[in-house]
Amino acid sequence: MSENRTIRTRGPLLDLAVIAAGFVLVLPVLGLNRATDFMIFCIYVLGFDLLYGYMGRLSFGHMLYLGTGAYAVTLFAEHVSQNPFLALAAGIAAGALIGAILGPVIVRATGACFALINLAFNQIGYFFVLVAFSKYTGGEDGMSAYFSKVGPIDFGKKTVLFGFVLFCLLLTYYLLKKFTSSPYGVLVRSIKENETRVKFLGYDTFRYKWITFILSTSIAAFAGALSMLNYGYATPSFIDPTRNVEVIFAALIGGPGSLSGAVIGGAIYMVISNYLASYIPRWELFLGLALLIVVFRFRTGVWGFINDRMKRRPATYG
Amino acid sequence: MISTIAYGLTIGAILYIISIGLSLTFGTMRIVNFAHGLIYTVGAYLLMTLLPVARENFLIAAVMTIAAVVPLSYLIERFVIRKLYGVSIDYAIIATYAVLLIGVDLIKWIWGASPVPLTDPLGSYVTVFSVTLPLYRLLIIALSLALYAALWLFFKKTMVGKIVVAALEDKDAVRSLGISVDRYFSYVFVLGSCLAALGGLLYAPITSVHPYMGFMILLISFAVVIVGGLGNLRGTFIAAFALGMVMAITGRFWGPAAETMVFAVMAVVLIIKPIEV
């Protein structure tokens with residue numbers, strides 16, 4: 001319970017300032033393109049961790065929702081309107097829609113079943129993009145996305161895009177902070193601990209799980225849509241089920257079940273995959289070993305480690 | 001039509017051989033074992049390497065492969081799986097997936113990343129109702145039937161088998177009888193891994209050998225396990241052949257959709273009857 005109190009009293013403003021300052025500070029090192037990419041991945045991890053860290057459901061098919069956003073925004077830009085804001089809204093709506101449709105089926109499952117059913121749907125979605133609807137999605141070649149200017153806002157300018165994505169990351173973080181520390185969010189966390197008991201208290205857990213699932217898929221789709229603004233090119237790798245392990249690793253290394261952990265984990269994963277991968281030729285080996293270490297020795301992740309250290313210091317936090 | 005059925009039965013036989021181990025570990029230890037796909041791949045690669053050593057004698061190479069898989073799977077059990085008892089099932093999934101990643105990378109390191117085709121070890125054909133079929137495929141089907149009978153005898157007649165079946169039903173009850181269940185789980189794991197390797201080496205001459213060959217077949221095997229019921233040996237048998245036929249029939253009309261169809265079936269089964277783990 002004391003952890004709850006610290007969350008409430010500290011408020012998210014400090015976190016937001018730290019995240020913003022962090023990304024602006026590393027900007028000269030990373031470059032605009034990459035920094036934007038890092039932040040988008042952090043949004044994706046936030047969406048994933050809402051499901052895994054807070055509700056205790058491991059999705060092994062979250063690429064499906066990222067890919068849904070990416071392809072929805074691209075198709076929208078091609079066929080309906082090139083207004084980037086409308087396209088983004090369409091991407092998020094597509095994520096919410098797929099969450100709403102698949103949700104009732106998926107959230108009834110727990111544990112291994114939840115992971116595998118997500119994976120199955122991811123595989124089906126991958127097939128749709130790669131083969132069945134390749135006429136519309138470009139199949140293996142992918143398809144490009146073009147967006148027009150809206151007034152003075154031009155996402156073709158990387159600085160504008162960086163600012164916008166940073167705003168999106170902070171907004172997502174802020175809303176999730178509000179969500180997870182609300183009574184609703186506490187209930188979601190209780191479902192992770194003991195769903196039977198929550199049910200016994202008279203709550204309709206199905207509805208809570210469904211809504212949380214929709215929220216998670218929408219955020220993932222949002223991240224996918226944003227990366228289209230950054231890359232301008234949708235390829236099947238945005239929905240490839242073998243890449244699921246990336247977001248899982250990011251959430252684990254940061255520390256599941258905390259928003260700060262998700263952002264830290266996302267950043268760490270991106271650093272590893274962008275920089276270390278060029279020095280380590282056996283990249284999958286390294287990722288696998290890191291995963292094993294995380295699972296066996298380091299289960300609370302980086303953020304949990306930092307938190308432990310802070311708690312051990314005598315009561316300066318009162 | 002006959003060739004479609006024969007193809008479906010061959011895939012069904014391979015799926016059955018692979019799924020047994022998966023079903024047993026899932027049913028007894030409650031571990032979703034992604035490393036199973038690694039053992040399958042290793043089986044194919046070892047066969048490929050050992051064939052020249054065994055002077056192209058398929059049978060000897062196969063026996064040597066399985067003998068080599070025993071210590072390997074024991075190591076995986078000892079250093080990864082055993083530590084996962086009582087841990088959240090999510091961590092078990094992630095840890096075994098990590099083993100798969102590590103193993104695949106090592107395979108790429110040792111054998112290279114490009115696919116290697118193998119030749120049919122028998123090279124002879126039989127004609128069934130005026131359709132020519134490779135004898136090798138028919139032998140695989142026969143072998144899976146023999147395996148089913150052997151496993152049935154093992155689980156019904158031997159002490160180890162009976163204990164495993166009892167543990168599938170109620171682990172704690174068996175433990176309270178003073179039987180070290182975990183030790184039997186190690187046997188089950190090694191047995192399952194040997195079968196995975198057997199599946200890999202049998203299927204290798206039909207497709208080609210490549211580092212990622214284990215991924216898709218593993219996912220399909222999960223579908224078999226789920227459709228057949230966890231730790232349900234007869235269910236696994238029926239589900240393997242049923243899904244094999246689904247793949248063959250779908251593949252006949254629309255090749256790329258074959259695997260997706262299996263996942264669709266699995267999704268439907270999960271919707272109707274979710275598993276509680």
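This is a predicted model: local features need pLDDT of at least 70, side-chain atom pairs count only at pLDDT 80 or more; totals for chains, interfaces and linings use all residues.
Local features need pLDDT of at least 70 and side-chain atom pairs count only at pLDDT 80 or more, while totals for chains, interfaces and linings use all residues; side-chain values use heavy atoms, with hydrogens and water left out. Residues are numbered from 1 along each chain as its sequence is written, and chains are lettered from A and ligands numbered from 1 in the order in which they are written.

**Nonpolar core**

- The largest nonpolar core has 200 residues; such a core is a set of buried Ala, Val, Leu, Ile, Met, Phe, Trp, Tyr and Cys residues joined through side-chain atoms within 4.5 Å. Buried means under 20% relative accessible area, exposed over 50%, and partly exposed in between (1.4 Å probe, protein chains only).
- Helix α3 (residues 32–54) of chain A gives the most to this core, with 15 residues. Helices (H or I, at least four residues) and strands (E, at least two) are DSSP runs, numbered from the N terminus.
- A:Leu226 and B:Phe34 are the residues with the most contacts inside the core.
- Leaving out residues up to four places away in sequence, B:Phe34 touches A:Phe60 and A:Leu119 in chain A, and B:Ile93, B:Thr96, B:Tyr97, B:Leu100, B:Leu218, B:Leu219 and B:Phe222 in chain B. Contact here means heavy atoms within 4.5 Å.

**Contact between chain B and chain A**

- Chain B puts 42 residues into the contact and chain A puts in 37 residues.
- About 3500 Å² is buried between the two chains, and carbon and sulfur atoms give 78% of that. Buried area is the accessible area (1.4 Å probe) that two parts lose on being put together, summed over both.
- Four residue pairs are in polar contact across the interface, both residues being at pLDDT 80 or more. A polar contact is a pair of N or O atoms within 3.5 Å; within protein, one must be able to donate a hydrogen and the other to accept it, and residues adjacent in sequence count only if both atoms are side-chain atoms.
- On the side of chain B that touches chain A, α4 (89–111), α9 (213–228) and α11 (258–272) of chain B each supply at least two residues. The helix that gives the most is α4(B), with 16 residues.
- By class, that side of chain B has 37 nonpolar, one polar and four charged residues. Ala, Val, Leu, Ile, Met, Phe, Trp, Tyr, Cys and Pro count as nonpolar, Asp, Glu, Lys and Arg as charged, and the others, Gly among them, as polar.

**Salt bridges between the chains**

- Two salt bridges are counted between chain B and chain A. A salt bridge is a side-chain nitrogen of Lys or Arg within 4 Å of a carboxyl oxygen of Asp or Glu.
- A:Glu284 pairs with B:Lys108 in a salt bridge, with the closest N and O atoms 3.0 Å apart.
- A:Arg282 pairs with B:Asp105 in a salt bridge, with the closest N and O atoms 3.4 Å apart. The pair joins two chains, because A:Arg282 lies in the loop between α13 (259–279) and α14 (283–297) of chain A and B:Asp105 in helix α4 of chain B.
- A:Arg282 is partly exposed at 22% relative accessibility, whereas B:Asp105 is buried at 3%.

**Salt bridges within a chain**

- Over all chains, the whole structure has nine salt bridges.
- A:Lys177 and A:Asp15 form a salt bridge of 3.5 Å, N to O. This pair links distant parts of the chain, 162 residues apart: A:Lys177 is in helix α8 (residues 158–181) and A:Asp15 in helix α2 (residues 12–30), both of chain A.
- Both A:Lys177 and A:Asp15 are buried.
- B:Asp172 forms a salt bridge with B:Arg175, the closest N and O atoms being 3.6 Å apart. These two residues lie three residues apart in helix α7 (residues 171–176) of chain B, about one turn of the helix.
- B:Asp172 is exposed at 53% relative accessible area, and B:Arg175 is partly exposed at 38%.

**A:Thr205**

- A:Thr205 lies in helix α11 (residues 205–231) of chain A and is buried, with a relative accessible area of 3%.
- The side chains of A:Thr205 and A:Glu195 are joined by a polar contact of 3.2 Å.

**Positive phi values**

- B:Arg55 has a phi near 55° and B:Glu56 a phi near 60°, each a positive value in a residue other than glycine.
- B:Arg55 is in the loop between α2 (35–53) and α3 (58–79) of chain B, and is exposed at 76% relative accessible area.
- B:Glu56 is also in the loop between α2 and α3 of chain B, and is exposed at 56%.
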